[in-house]
Amino acid sequence: MAVLVDHNTRLITQGITGSSGAFHSRMCKAYGTNLVGGVTPGKGGTWFEGEVPIFNTVAEAVKYTAANATMIFVPPPYAADAIMEAADAGIKLIVCITEGIPANDMVKAWRYLQGKDCRLIGPNCPGIITPGAAKIGIMPGHIHLPGRIGVVSRSGTLTYEAVGQLTALGLGQSTCIGIGGDPIIGTNHTEALRLFNDDPDTDAVIMIGEIGGSAEEAACAWAKANMSKPIIGFIAGATAPPGRRMGHAGAIISGGQGRAEDKYAAMSDAGVHIVRSPAEMGRRMKEVLIEAGLL
Amino acid sequence: MKLHEYQAKELLRRHGVPVPPGEAAHTVEDAVKAAEALGGNFWVVKAQVHAGGRGKGRFKEVAAAADLEAVLAGAAEVPGKGGVQLCRSIEGVREAAAMMLGNTLVTKQTGAAGVVVKTVLVTTGADIARELYAALLLDRQTSRILLMASTEGGTEIEEVAAVNPGAIHKVSIDPVTGLGDWQARQLAAKLGLTGKAFNGAVKMFLSLYQTYMATDSSMLEINPLVVSSDGDVVALDAKFMIDDNALFRQKEITSWYDAGEDDAAEVEAASYNLNFVKLDGTIGCLVNGAGLAMATMDIIKFYGGEPANFLDVGGGANKDQVKAALGIITKDPAVKAILVNIFGGIMRCDVIAAGIIAAVAETGLQVPLIARLEGTNAELGRKLLSESGLAIITATSLADAAEKSVAAVAGK
């Protein structure tokens with residue numbers, strides 16, 4: 001079954017006629033994702049590549065295609081609005097790839113989503129993939145392998161690195177969730193761990209955090225009390241200087257908070273299997289699976 | 001993006017936040033004129049640099065080496081005059097401005113290199129009965145904006161949080177309603193304010209929130225927020241952090257950017273849309289993706305090396321960006337080896353390889369370059385590198401790349 005996306009996913013792309021939106025819609029479709037429509041205001045009534053209908057609004061797209069998921073490539077000034085539009089239209093899974101959304105816009109969008117029956121992944125994320133079933137996002141599909149390891153990460157390429165190591169060892173993935181590198185995101189580490197814990201098709205999880213904020217600490221506190229599956233943990237940025245933003249808007253140590261050492265300490269306290277070298281994520285997972293009798 | 005104090009106060013003034021009268025000056029003469037125009041017999045001259053600790057900072061060209069070391073070590077008392085000077089005469093203003101303008105201010109936060117002062121702010125002295133603290137910031141735990149205030153003005157908030165957390169009061173702001181008048185009143189009451197000062201603080205909190213939203217700030221700090229003996233409430237100092245993601249709609253503020261405050265290599269990198277942060281090590285890094293770039297720094301350290309920089313070429317870098325990135329890395333004389341770590345997703349490894357080859361063909365290669373290409377078109381990228389005839393060391397994995405880089409620096 002995996003989590004959040006599978007063969008029942010009916011995807012639309014918001015911003016399907018932009019260059020990134022078009023390219024990745026094509027790639028997701030080629031991977032096997034059921035792409036049922038797209039939205040570009042003003043281009044409703046036309047077709048994407050002759051076979052996917054384009055609508056002016058998400059509400060129209062939902063009405064005619066019964067879409068239940070969306071992938072947002074709308075440019076930063078309009079992306080928060082696109083998230084709210086998707087939620088209002090009843091889309092259950094909103095995956096926002098867009099990087100660079102103003103934080104104050106996200107404060108409003110985040111508030112708007114409260115109490116609504118939907119889940120936001122991102123923004124500023126690579127998306128989510130259930131190998132062999134469906135991919136919503138910009139990750140290279142071919143490095144993945146269907147299997148029983150969950151992956152959750154704030155980073156894009158570092159997630160690919162983890163997946164690459166797992167696949168090379170023959171360890172497939174149930175679902176990989178890139179939760180995004182911004183200070184305000186929809187689904188956080190805690191919620192991702194909960195989803196994997198509840199998923200009968202996930203045996204263990206790789207959790208990749210990075211400096212900034214305290215979401216990893218919160219997730220570790222939750223895991224200590226609730227998680228029944230092994231977690232392999234890595235935190236990026238142990239060598240990052242304080243007060244400097246390391247690429248991601250959310251990756252900054254400020255006011256003495258968000259240090260890698262604090263996150264590693266929380267992981268250690270929660271019984272997470274820590275790897276200090278990012279080259280060891282896959283190998284450590286294999287060891288832990290063998291120890292647990294899962295391999 | 002950070003603002004200078006005089007820029008921050010201009011924004012506050014526009015939104016109705018009381019700030020002491022003052023004027024920015026770029027020359028000694030203008031500083032004197034500003035003081036004369038302000039009138040009175042007491043002025044404060046403040047060096048306009050982004051770094052904190054200005055008052056306790058000292059000037060490289062003026063202070064003794066031992067005193068500069070004391071500044072960097074965070075000593076409580078250092079002889080001489082710093083980046084904030086109280087002047088009781090026009091001649092005093094002239095001397096203060098002359099000491100500051102064009103000279104290099106070293107504070108605990110600037111590090112030994114210091115920052116050249118190009119602007120000073122000349123303000124009138126303030127009547128201070130009480131020093132408070134107020135700040136608005138993005139609270140990641142609640143995904144809301146937080147207004148916080150403390151009775152311990154003039155002290156770093158981190159220090160107050162550690163020593164006397166009870167002095168800090170917080171208000172979480174619902175974006176639907178904005179900061180409520182009642183919330184501002186609650187906060188003013190918690191600070192123990194009454195009468196005129198109470199009303200002044202309430203008005204200031206509401207105006208600060210307006211300023212925060214209108215300027216797309218991600219942090220706005222007033223420290224100290226001063227109550228005068230007459231009960232006037234004034235923002236004596238102001239620090240802003242503007243959300244870089246919102247600069248597209250903050251044209252005027254964007255035009256205030258002071259490139260002189262940032263590392264020259266970082267400014268150059270930004271012009272190519274590269275995320276670059278200068279570090280102190282010897283292994284230059286060129287990586288795609290922020291998380292992987294941090295992880296690459298970490299693994300260099302794991303194998304006993306030191307990264308010279310953080311560099312994320314982004315998800316869709318082209319040949320020119322790769323070339324520019326290599327150019328920026330090799331300009332750093334401390335760099336003894338370069339590690340290129342690419343996990344191709346959207347980015348194709350052959351494009352990276354072409355960029356490397358073009359850069360090396362043009363500028364030559366003074367230090368060993370270790371390349372690890374994985375993901376989309378990795379085979380093709382490796383083939384291009386090996387057929388180029390250039391002395392590029394290829395690595396098969398992240399660990400292999402880090403080990404080879406550390407070995408290269410050690411001369412093995």
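## Close-up views of a predicted two-chain model

**View 1. A network of salt bridges links A:Arg154, A:Glu210, A:Glu216, A:Glu217 and A:Lys263.** A salt bridge here is a side-chain nitrogen of Lys or Arg within 4 Å of a carboxyl oxygen of Asp or Glu. Over all chains, the structure holds 44 of them. This is a predicted model, in which local features need pLDDT of at least 70 and side-chain atom pairs count only at pLDDT 80 or more, while totals for chains, interfaces and linings use all residues. Residues are numbered from 1 along each chain as its sequence is written, chains are lettered from A and ligands numbered from 1 in the order in which they are written, and side-chain values use heavy atoms, leaving out hydrogens and water.

**View 2. B:Asp244 and A:Arg245 join the two chains through a salt bridge.** Their closest N and O atoms are 3.7 Å apart. B:Asp244 sits in the loop between strand 13 (239-242) and helix 8 (251-255) of chain B, and A:Arg245 in the loop between strand 13 (231-236) and helix 8 (260-269) of chain A. Helices (H or I, at least four residues) and strands (E, at least two) are DSSP runs, numbered from the N terminus. B:Asp244 is partly exposed at 34% relative accessibility, and A:Arg245 is partly exposed at 31%. For these labels, buried means under 20% relative accessible area, exposed over 50%, and partly exposed in between (1.4 Å probe, protein chains only).

View 3. B:Glu387 is exposed, at 56% relative accessible area, whereas B:Lys383 is partly exposed, at 47%.

**View 4. A:Ile149 is buried in strand 10 (residues 146-153) of chain A.** Its relative accessible area is 3%. Beyond its neighbours within four places in sequence, the contacts of A:Ile149 include A:Leu166, A:Thr202 and A:Met285, where contact means heavy atoms within 4.5 Å. A:Thr175 is 26 residues away from A:Ile149 along the chain, yet their C-alpha atoms are separated by 7.3 Å.

**View 5. Four strands of chain B form an open sheet in the order 1-7-2-4, with antiparallel pairing.** Two strands pair if DSSP finds at least two bridges between them. Strand 1 (22-25) and strand 4 (84-87) of chain B are the edge strands, each pairing on one side only. Strand 2 (residues 43-47) and strand 4 of chain B share 4 bridges, and B:Lys46 has B:Val84 as its bridge partner.
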